[in-house]
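Please open the model in your viewer and keep the selection tool at hand. The tour goes from a sheet to the helices around it, and then to a cavity.

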Amino acid sequence: MEYEVIQLPNGIRLVLHHVDSPVSHACMLVNAGARDEQVGRFGLAHFIEHLLFKQTARRNTNQILNRLEAVGGDLNAYTTKEYTCIHASFLSPYLERTLDLFEDLFFHSVFPENEMEKEKGVIMDEMASYLDSPEDAIMDDFEDLLFEGHGLGHNILGTATDLQGLSKADIVDFIKQNYNTHEIIIGVSGNYTSKKVRLLAEKILGKLPENSSGKARVAPTVNPSRQTACRKPINQAHYVLGTKAYGVHDENKVGLLLLNNLLGGMGMSSRLNLIVREKHGIAYTVESNYTPYSDTGLFYIYFGTDEEKAGRARRLIWKELKKLREQRLGVMQLYQAKQKFKGQIALAEESRLSLIVSLAKSLMDYDRVQSLSEILAQIDAVDAGQLLGIANEILAEDNLSSLSFIPDA
């Protein structure tokens, strides 16, 4: 089999991607992210991710950083609204070293006070850097606006005030409440037998005690649409238009992914790029994006341009949205949209690190691994009527909120 799932008695699962290559990739995915933080402790999940690399019961910072780099490997991590992920790339003989390091970082970090204070300073600099990038900041601010009052409605980095107040007790409590062994996935891509991977997993991860503490995520309520504008010390206008969308389990998820790709997804041939940039030369960047979460989703359109061109760009975007709501795609249009999207997905699987993380997320979300052929079949099953219905539900004018960053006069 190309993919194989292994489950340990303590609940930890592994997905093995068989591939004949001297280079391997692995990840450890924990179903805990920014949305699981309590009010007053925003930024905690991301703070923990930083601190995992600082000191464990067995290793200091230098030993952690050199553990894979000494053999030519690479180690990194990231935090999202729902996940924390450590990932690594390395030569095939070093799988045991990698899994041992993952286990050490996630379950034996000691979070020394001096490192906590240093990392607070590092993250404060990260916050400042983000504020210097309005194209990034507006995305976070828009999500805050759309999900206001909910766990999804705050920046992953948190706030300066909350960050400064975080303590070791907060860290220990968050890990205890959220690092459920039944919601931890290990992904491995490489030239290994399932027997070898199972033996290593049982040796390194099987000794961990089972933790089945569950968390009750609450889906966000539907807030009225809002149109908000803010003046900023910037040179260009930035604009986001969007709404809540379907979660990962919704039957319309694949349809919206296809519709999003047609409208403003990858590549230069999206409808928004062709009309706004190529035909009228109004904006350098115009794009749309759809992110499904476990119980909701986010759809948005973004562009940045000179302030005097922003109004025209908005009108062009509204015109394209109206077309999608009113005009059913023709047979050839639908076929071409599907071929483009399927090709992009297949090409993305060439990045094996991205692939193994994707497989781990699939196992987390669906309790099984979705193969490429299954995903392509789901895209083929979408019809023009479904896309029209999705467009009228998600892209309805009274359903969309907006946020503008306007340059100071």
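Begin by selecting the five strands that form an open sheet in the order 7-11-8-10-9, with mixed pairing; strands here are DSSP runs of E with at least two residues, helices are runs of H or I with at least four, both numbered from the N terminus, and two strands pair if DSSP finds at least two bridges between them. This is a predicted model, in which local features need pLDDT of at least 70, side-chain atom pairs count only at pLDDT 80 or more, and totals for chains, interfaces and linings use all residues. Residues are numbered from 1 along each chain as its sequence is written, and side-chain values use heavy atoms, with hydrogens and water left out.

At the edges, each pairing on one side only, are strand 7 (227–232) and strand 9 (285–292). Strand 7 pairs with strand 11 (residues 401–407) in the parallel sense over six bridges, and Arg-231 has Ile-406 of strand 11 as its bridge partner.

Next, select helix 9 (residues 253–264), which lies across strand 8, strand 9 and strand 10 and runs at about 175° to strand 9; contact means heavy atoms within 4.5 Å, and angles run from 0 to 180 degrees between N-to-C directions of axes fitted to C-alpha atoms, for helices over the stretch in contact.

Finally, show Leu-259, Leu-324, Gln-327, Arg-328, Leu-329, Ala-384, Leu-387 and Leu-388, which line the largest cavity. A cavity is a set of points on a 1 Å grid over the protein atoms alone where a 1.4 Å probe fits but cannot get out, and lining residues have an atom within 4 Å of a point. Helix 15 (residues 384–394) gives the largest share of this lining, three residues.

Technical notes. 1 Å grid on protein atoms, 1.4 Å probe; cavity = no way out; pocket = protein on both sides within 12 Å on 5 of 7 lines; lining within 4 Å.
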